[in-house]
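Subject: Structure handover

Hello,

Here is the structure I promised to pass on. Please open it next to this message and read the notes alongside.

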Amino acid sequence: MELVQRPGDPVASQSGVWTGAAAGSPDLDGGQPRRLPYRRKLSDCVARCNTLRMVVFSCGRCGAALTPDLALSMRELIRPAYDGRGPGPATMPRGFFAVDPEPFGTPFVPAENQDDDLLHAMPGLPMMIDGVNVVSAGPRDTIVVHPDDASTLRLHPEGDRLIGCCGPNGTEGSNQVCPCGAEVATLMADCYGPNELHFDPHRVSATEVRRPHADF
Ligand SMILES: [Zn+2]
């Protein structure tokens, strides 16, 4: 995959409106910034990830932008070590997102192989329910971002969703809501697991931010 634009590149503002074209550029319509982003299905964006520039994720219910412009990370999802003293380093750096191909979060189902010591129900977290090892049967292709890149999200009003030690561990389902109340994401931010936020791909939409001189 090739990524041609980096976070902080001034060619796109947080609102997704092109602001970087010089005066007189043929990309300016009547001297006004040209509005370039367009909405497309998230699955299309994921399928075209090798050509994605920047994406803004928005609430699937109200349309509010929930992230700044984020670039697809080309790195494999690697969870930094955590030492049990509060949330550890975030899995994703600020300004980037990744798509997690593994099932994530609730519901949980009994694992086929109960003797597999490497089973994880959540990233980095083995779990047993009623003495049975479980694995996630949640959605695949959740969008993983740095928790600080979704600063408008609010904690779920149901306290049970926020169970954890130093922070929510994400095992009780969606625990982050859009200001409109829609359950859109799950935050893992406890001391005994990774520190990352997963958007539910069925509850958010992705708006691709394109450059006027895009080469595709
Ligand atoms: Zn909303």
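The notes below go through the model by topic.

**Ground rules.** This is a predicted model, in which local features need pLDDT of at least 70, side-chain atom pairs count only at pLDDT 80 or more, and totals for chains, interfaces and linings use all residues. Residues are numbered from 1 along each chain as its sequence is written, and side-chain values use heavy atoms, with hydrogens and water left out.

**Confidence.** pLDDT is the predictor's confidence in each residue, from 0 to 100. The protein averages 77, and 72% of the residues score at least 70. Strand E10 (residues 176–177) has the highest confidence, at 98, while strand E1 (residues 38–40) has the lowest, at a mean of 42. Residues 1–41 have a pLDDT below 50, yet this stretch makes 77 contacts beyond near neighbours in sequence. A contact means heavy atoms within 4.5 Å. Residues 212–216 also stay under 50, with 10 contacts beyond four places in sequence. Where pLDDT is low, the predicted coordinates should not be read in detail.

**Layout.** The protein has one helix and 13 strands. Both come from DSSP runs, numbered from the N terminus: helices are H or I with at least four residues, strands are E with at least two. The order from the N terminus is β-α-β-β-β-β-β-β-β-β-β-β-β-β. Among contacts with a separation of 6 or more, 63% join residues 24 or more positions apart. Of the 216 residues, 48% are buried. Buried means under 20% relative accessible area, exposed over 50%, and partly exposed in between (1.4 Å probe, protein chains only).

**Zinc site.** Which residues coordinate the zinc ion? They are Cys59, Cys62, Cys178 and Cys180, each through SG, at 2.3 to 2.4 Å. Donors are N, O and S atoms within 2.8 Å of the metal (3.2 Å for Na, K and Ca); water is not among the atoms, so sites may look incomplete. The donor spacing in sequence is C-x2-C-x115-C-x1-C. The angles run from 102 to 113°, so the arrangement is tetrahedral. For four donors, that label requires all angles between 85 and 135 degrees. Cys59 is buried, at 3% relative accessibility. Cys62 is partly exposed, at 42%.

Cys165 is exposed, at 56% relative accessibility.

**Core.** A nonpolar core is a set of buried Ala, Val, Leu, Ile, Met, Phe, Trp, Tyr and Cys residues joined through side-chain atoms within 4.5 Å. The largest one has 21 residues; Phe57, Leu66, Phe97, Leu153, Val184, Leu197 and Phe199 touch the most other members. Strands that each supply at least two residues include E2 (54–59), E12 (195–199) and E13 (204–209). E11 gives the largest share, four residues.

**Backbone details.** The peptide bond from Thr106 to Pro107 is cis, with omega near 0°. Pro107 sits in the loop between strand E4 (96–100) and strand E5 (108–110). Asp130 has a positive phi of about 55°, although it is not a glycine. This residue lies in the loop between strand E6 (128–129) and strand E7 (132–136), and is exposed at 77%. Asp141 also has a positive phi, near 65°. Asp141 belongs to the loop between E7 and E8 and is partly exposed, at 34%.

Best wishes

Terms used:
Four donors count as tetrahedral if all angles lie between 85 and 135 degrees; four count as square planar and six as octahedral if opposite donors are over 155 degrees apart and all others between 65 and 115; anything else is irregular.
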